[in-house]
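Please look through the sequence and the structure below before reading on. The paragraphs that follow lead you from one part to the next.

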Amino acid sequence: MIFFIFITSYFKIGKANTFNRIFVKTYNQITKVEINTNKSDTKIKKEFKAFNIYSEDHEGHILLALNLFEKNKIFGIGPKGFKHYCRKVNYTPKIGICSTHPHNILIQIVLELGLIGLAFYIIAAIFVLFNFFKSIVRQKFNYDYLAFYSITLGLIINLFPFIPGGNFFNNWISIILYYNIGLYLYSYKKCILK
């Protein structure tokens, strides 16, 4: 699978240069060194640039989201409120960068659902982590527990708060997330509640 992903990313398939978009752009965003791979340049040119925790665009989304959060801290601005605000200002806000969502699950929950939504997120995270560590302490490694560990790690990865992410209220992300939650609840009942 890794070989297939590398090969399809390296060779130009279609109109987009996927190797440049996936590898070079990501490398440029997470390091202090920028690689320039223009077709006219025969050698790779490296330039020093300032370090960003996220890319400048992702930081702009977070700045805008935190600015909007100040307007309604308790209930947030509502699901898909980030997109509606950006449409209202024609995608040119005074602070930050507009998009359809803030590209971070935790920031989107805080912004669009407020502190009440954040409370649910924290309770769910504590529940998942507590049961994960509780099952590890039991030191059971049969098939049911290994499935439970895998499903729990999938939830943790999908809802990890410190990486850029998709739109929490998007249908595609919801399918992945809620399917994993259903598997988690089944596995939880099978492993933890017995």
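**A walk through the predicted model**

Ser174 lies in helix H7, and it counts as buried because its relative accessible area is 14%, where buried means under 20%.

Helix H7 is also the place of Asn180, a residue that is likewise buried, with a relative accessible area of 9%. When residues up to four places away in sequence are not counted, Asn180 touches Ile151, Gly154, Leu155 and Asn158.

From here one can turn to the largest nonpolar core, which has 31 residues. The residues with the most contacts inside this core are Leu64, Leu68, Phe82, Cys86, Leu111, Phe148 and Tyr184. At least two residues of the core are supplied by each of helix H3 (56–69), helix H4 (81–88), helix H5 (105–137), helix H6 (143–158) and helix H7 (171–191), and the largest share, 10 residues, comes from H5.

What span would a straight helix of 33 residues have, and what does H5 span between its end C-alpha atoms? At 1.5 Å a residue the straight helix would span 48 Å, whereas H5 spans only 29 Å between those atoms. Along H5 there is a kink of about 130°, and this kink is centred on Leu113. At the N-terminal end, H5 is capped by Asn104, which has a side-chain oxygen 3.0 Å from the backbone nitrogen of Leu106. Beyond the helix comes Gln139, which follows H5 and has a positive phi, near 55°.

The last stop is Ser55, a residue found in the loop between strand E2 (45–48) and H3. Is Ser55 buried or exposed? Ser55 is buried, because its relative accessible area of 8% falls under the 20% that sets the limit for a buried residue. Although Ser55 and Thr26 are 29 residues apart along the chain, their C-alpha atoms are separated by 8.8 Å.

Notes: Residues are numbered from 1 along each chain as its sequence is written. This is a predicted model: local features need pLDDT of at least 70, side-chain atom pairs count only at pLDDT 80 or more; totals for chains, interfaces and linings use all residues. Side-chain values use heavy atoms; hydrogens and water are left out. A nonpolar core is a set of buried Ala, Val, Leu, Ile, Met, Phe, Trp, Tyr and Cys residues joined through side-chain atoms within 4.5 Å. Buried means under 20% relative accessible area, exposed over 50%, partly exposed in between (1.4 Å probe, protein chains only). Helices (H or I, at least four residues) and strands (E, at least two) are DSSP runs, numbered from the N terminus. The expected span of a helix is 1.5 Å times one less than its number of residues. The bend at a residue is the angle between axes fitted to the seven residues ending there and the seven starting there. A polar contact is a pair of N or O atoms within 3.5 Å; within protein, one must be able to donate a hydrogen and the other to accept it, and residues adjacent in sequence count only if both atoms are side-chain atoms. Contact means heavy atoms within 4.5 Å.
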